[in-house]
Amino acid sequence: MRKLVLFFLINAIAVFSLSVHALPDNLPVDLVWQTNVSDPIFADPTAQRGGRFRTFVTTFPLTLRLVGPDSNGSFAGYMRANNLSLVGIHPNTLKPIPELASHWALGSDGHSIYFRLDPDARWSDGTPVTADDYVFGLEFMRSKYILAPWYNNYFSEIITGLVKYDDYTIGIEGATPKPEDEMLFEYSVSPVPRHFHTLDENWVRESNWRVAPNTGPYLISEIRKGKYVEFTRKKDWWANNKHYFKHRYNPDHIRVKLIRDLNIAYQYFRKGQLDTFPLLMPRFWHKKAQGDIYENGYVGKIKFYNDVPQPISGLFLNEDATPLDDINVRYAIAHALNVDKVINTVLHGDYERLQTAHDGYGDYSNTIIRARSFDLKTAANYLDKAGWSERGSDGIRVKDGQSLSIRITYYNSGHSDRLVILAQEARKAGIDFQLQLLDASAAFKQIMENKHQAAWMGWSGGGLSPRYWEFYHSDNAHKPQTNNVTNTDNKALDAKIMAYRTATEKTTRVQLAHELEQMVHDQGSFIPTFKVPYTREAFWRWIKLPPNHGTRTSDVLFDPLGGSGGLFWIDADEQQVTLDAKADDQALPKVMIIDKTWMVSP
């Protein structure tokens, strides 16, 4: 760990620095300060405040911490979205916009950025957000006490320095120069409240269920473990009237209920006990989302095309688990997966084949690579090459008396029909898939502790360029609580990743990204499956969206938080009209919306 160093200027203004290359002690006088309050707002000025939005998760959080063990589950999305960064990204123009910083300026060295903090910004306990919270944030993220190796590395090797110039001016130094838009994305960080945390060996345990101050519009107001978590909107949130935050985050309360099974959750929705429901899965869109509540107009459906990086979705093979340490077995499994059959049957042709890990990143995506296709002959050749040339009486390949059995851990019962088809088809190649459906918390814990063989899962996409280090660098292999769940350990890949991390020109970074994507493909430990260029959702009539319905980057329309979220509201009058009509069995106008505004041509 690098230690906190104190520098004192001649004029007695303290400059707190955690810099490796040492940002200048004095704020450069030739900085060109920028801001952006001229892009169009994307919320609806007619949005109404009030009400309780009711939604659900399938697994209860194991902790409220933002970092450390068990902090990366699905509920973490709510927590992280409620903590603002220095700058955000406009969800339509993709230009930087102010969040906790009102202005920013690029240093002449190409890898430093300076920020003027918004003096209005407040923690949820009313304490001002100042430069000290950023100084402490870097110390915090580098600390061994948080038990978070990814953050330790990122805030040491990528964020290499941070200087406080005064209470509301900071400089941040990145490891290398990057294109301006990527600099702002990579090096824009969130503060950590110095006045709240005691950073010592007890921090992880003592912070598990403490509600830390945040900078976003909501604060957790009630927790009933195993039942629900409720957020309440701050009455006088500091950013209420800021340009890009006006008319957003409208419900007074957000109740996130635990419902472990999607089918049961859908029954809650049909009864009006949840306000919205995701219909991305074809069996919900085509089969379940039917009946009187739709025909009578009480519930609407929307299909909204977006333009976002696709989640890294598919089968992750743990190279530390035999026989997956053999690349020939990994290739064989890829050729034994009949993904197209799944798409054309249980998925009703709605999804598309994901070809690579990083799709939707513009120039950075390597569109030449194609996922390995279903080919039993090719799968057989690879298995023969790996020594699995014999078959048992059940048709499964055997080697040294052991059957070729692969345990696939997954956590969404809605994916069972997909995996059953894949397992049936793989048996033709002599591979036995043992499907292990676990509660999401248990599955996530197993995967994070490297106790899985194969994991059927996805990582959310995002950002302006792909990230490789956390998923594929050997620094994150053979250890728990990292994102390298395949335990990829390839020195040539390591070298390429580090070259990508330190490249300064976009053309170079794009070329390296293409080469990295090819190397990831060649490694064979991630098998891409599906991509979906839209979101589909159901909503009770009283949940309203703006006329544009969403933004270019809206991957969920009824997200109550997030950079492009918080656009909907609850119409109390419409709710009463709907409930009265339903009670009297009277029909209202049917609601079915298809929005192709942001549809990307194939």
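Which residues line the second largest cavity? In this predicted model, select Q355, T356, A357, I369, E517, V520, H521, F526 and P528, which together line that space. The volume of the second largest cavity is about 70 Å³. Helix 16 (506–523) and strand 23 (526–528) each supply at least two of the lining residues, and helix 16 makes the largest share, with 3 residues. By class, this lining has 5 nonpolar, 3 polar and 1 charged residues.

**The largest cavity**

Proceed to the largest cavity, whose volume is about 150 Å³. Its lining comprises 14 residues; select I158, E186, R467, Y500 and R501, which lie nearest the centre. Helix 3, helix 14 (469–472) and helix 15 (491–502) each supply at least two residues of the lining. The lining of the largest cavity divides into 8 nonpolar and 6 charged residues, with no polar ones. In total, the model has 5 cavities of 30 Å³ or more.

**Helix 3**

Select residues 149–158 next, which form helix 3; 8 of the 10 residues in this helix are buried. The buried positions are W150, Y151, N152, N153, Y154, F155, S156 and I158.

**The nonpolar cores**

The largest nonpolar core has 155 residues, and those with the most contacts inside it are F115, F231, I333 and I431. Helix 2 (residues 131–142) gives the most to this core, with 7 residues. Centre the view on I333: leaving aside residues up to four places away in sequence, I333 touches L315, L317, L324, I406, I431, F433 and I527. A second, separate core has 6 residues, including L23, A105, Y114 and V163.

**The second largest pocket**

Turn to the second largest pocket, which holds about 170 Å³ of space. Among its 13 lining residues, select V37, P98, S102, D118 and K242, the closest to the centre of the pocket. Strand 6 (residues 101–106) gives the most to this lining, with 3 residues. The pocket lining divides into 6 nonpolar, 4 polar and 3 charged residues.

Finish at the open sheet of 3 strands, arranged in the order 17-18-19 with antiparallel pairing. Strand 17 (390–391) and strand 19 (402–403) stand at the edges with a single partner strand each, so one side of each has no neighbour in the sheet. Strand 18 (residues 397–399) is joined to strand 19 by 2 bridges. Select K399 to see it opposite Q402 in strand 19.

Key. Residues are numbered from 1 along each chain as its sequence is written. This is a predicted model: local features need pLDDT of at least 70, side-chain atom pairs count only at pLDDT 80 or more; totals for chains, interfaces and linings use all residues. Side-chain values use heavy atoms; hydrogens and water are left out. A nonpolar core is a set of buried Ala, Val, Leu, Ile, Met, Phe, Trp, Tyr and Cys residues joined through side-chain atoms within 4.5 Å. Buried means under 20% relative accessible area, exposed over 50%, partly exposed in between (1.4 Å probe, protein chains only). Helices (H or I, at least four residues) and strands (E, at least two) are DSSP runs, numbered from the N terminus. Contact means heavy atoms within 4.5 Å. On a 1 Å grid over the protein atoms alone, a cavity is a set of points where a 1.4 Å probe fits but cannot get out, and a pocket is an open set with protein on both sides within 12 Å along at least five of seven lines; lining residues have an atom within 4 Å of a point. Grid points are joined across faces, edges and corners, and a volume is the space filled by probe spheres set on the points. Ala, Val, Leu, Ile, Met, Phe, Trp, Tyr, Cys and Pro count as nonpolar, Asp, Glu, Lys and Arg as charged, and the others, Gly among them, as polar. Two strands pair if DSSP finds at least two bridges between them.
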